[in-house]
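Please consult the sequence and the structure shown below while reading.

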Amino acid sequence: MNSPSGSLTCIYNLVFIIVILSRGVLGSWWFVSQLNINAIGAGVVVCDNIPGLIGRQKKLCRRYPDVMVSLGEGARLGVEECQFHFRYHRWNCSTVNRDTSLFGKVILKGSREAAFVYAVSSAGVVHAITRACSKGQLSDCACDPKKRGPDRDKRGGFEWGGCSDNVEYGSTFTRKFIDAKERKQRDGRTLMNLHNNRAGRKAVRKFRKLECKCHGVSGSCTIRTCWQAMQEFRQVGAHLKNQYNGATQVMMKQNGASLTVANKHHKKPTRSDLVYLETSPDYCVENTEVGSLGTEGRPCNKSSMGTDGCDIMCCGRGYHTYNVKQQFKCECKFHWCCSVVCKDCEQEVELHTCKGVSTPAKLDS
């Protein structure tokens, strides 16, 4: 039987969904990441009532409730990675709590930021589903069935063994689920989304490595057993962040069937590159129309020349300076056996936060 707290959580989720639907708010598959994981896995949350899902996505949700748990985890993984890489930028990948679109209106604009969100979210889902598959948590997949028998690499011959990550399954399910809504129409934004979704999936494929175990007398490695494993998702995120920095602006071709570069002097993007349609807002001030939260009150680094520096982060408006006392552990000593004892120390530090638009742009000293 379900516990009372679990039942209340499920009821809350369902009531919230009904309220959202009654308001006519557009949703997206990202909303799955906001729901209770156990409720999804148990099939309690009715797939038909998750806002933003189309028919094909609802069918996949009903048929593979265990994969939906991983899909939600993958969406959260993508958000965390996005927020890590943009933590020192004007746009810091903010999400709107309990919002069915998750990222608010900022995702509606075909900007570089939207391109990165689509790519890293797609990659996160592939990574999470593949990892769950290798751990035996999914009923419909297991280790990569293609990795069997003898093979060779630069070091010589080896036998496939162990459990190679089944990225093919994770990538295929992700494509079927996430791309389903995009394939309902064909416009520039749809083609942009599909391109960046694919770039995210390809990024996970790119960062795989061969791991091996040696067999033989005294570790002589006369026989090697190897398997293919995904690398840490942080490497995938860093790669996509580099792709964001070099993203290509595109536009719809006259035939309406594909995208082309907006500037003929720029190189044609590959399937691994990120593409965008519109220039980004500066995110300096709050703007509800584009979903910008502005940078007023954001902490900045007075001595940095990067995006976290007060000049760039505060958009030239200036910054406030505060002297605050912070506690930290000091004079730590190891005591046999087995503890470390520290003193509580205090130091005064200088913090800086961005001024608002109405505040005179005079630098505080």
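In which handedness of crossing does α7 pass α8? The crossing of α7 past α8 is right-handed. The model under discussion is predicted; within its chain there are nine helices and eleven strands. Of the 365 residues in the chain, 43% are buried. Among contacts with a separation of 6 or more, 67% are between residues 24 or more positions apart.

**Packing of α7 and α8**

- Helix α7 comprises residues 188-206 and helix α8 comprises residues 233-245; their axes lie 9 Å apart and form an angle of about 130°.
- The two helices α7 and α8 are therefore oblique to each other, since an angle that falls between 115 and 145 degrees belongs to neither the roughly perpendicular nor the roughly antiparallel class.
- On the α7 side, the contact involves Ala199, Gly200, Ala203, Val204 and Lys206, which meet Val236, His239 and Leu240 of α8.
- Classified by residue type, this contact of α7 with α8 contains five nonpolar residues, two polar residues and one charged residue.

**Threonine 307**

- Threonine 307 is situated in the loop that runs between β9 (292-293) and α9 (310-313).
- Its relative accessibility is 35%, so threonine 307 counts as partly exposed.
- Threonine 307 and arginine 90 are 217 residues apart along the chain, yet their C-alpha atoms are separated by 7.5 Å.
- With neighbours within four places in sequence set aside, the contacts of threonine 307 are Tyr88, His89, Ile312 and Met313.
- For tyrosine 88, the backbone oxygen is reached by the side chain of threonine 307 at 2.9 Å.

**Glutamine 228**

- Glutamine 228 belongs to strand β4, which covers residues 223-230.
- Glutamine 228 counts as buried because its relative accessibility is 19%, and the cut-off for this class is under 20%.
- Residues up to four places away in sequence excluded, glutamine 228 touches Lys147, Trp160, Cys163, Ser164, Asp165, Arg208 and Lys209.
- With arginine 208, glutamine 228 makes a polar contact between side chains, at 3.4 Å.

- Threonine 307 is partly exposed, whereas glutamine 228 is buried.
- Each of these two residues has a side-chain interaction listed above: threonine 307 with the backbone oxygen of tyrosine 88, and glutamine 228 with the side chain of arginine 208.

Note on methods: Residues numbered from 1 in each chain as written. Predicted model: local features only at pLDDT ≥ 70, side-chain atom pairs only at ≥ 80, totals over all residues. Heavy atoms only, no water. Axes fitted to C-alpha atoms, helices over the stretch in contact; angles between N-to-C directions. Helix = DSSP H or I, 4+ residues; strand = E, 2+ residues; numbered from the N terminus. Parallel < 35°, antiparallel > 145°, perpendicular 65-115°, else oblique. Left-handed = near helix turned anticlockwise from the far one by under 90°. Contact = heavy atoms within 4.5 Å. Nonpolar A, V, L, I, M, F, W, Y, C, P; charged D, E, K, R; others polar. Buried < 20%, exposed > 50% of the residue type's maximum accessible area, 1.4 Å probe, protein only. Polar contact = N/O pair within 3.5 Å; in protein donor to acceptor, adjacent residues only side chain to side chain.
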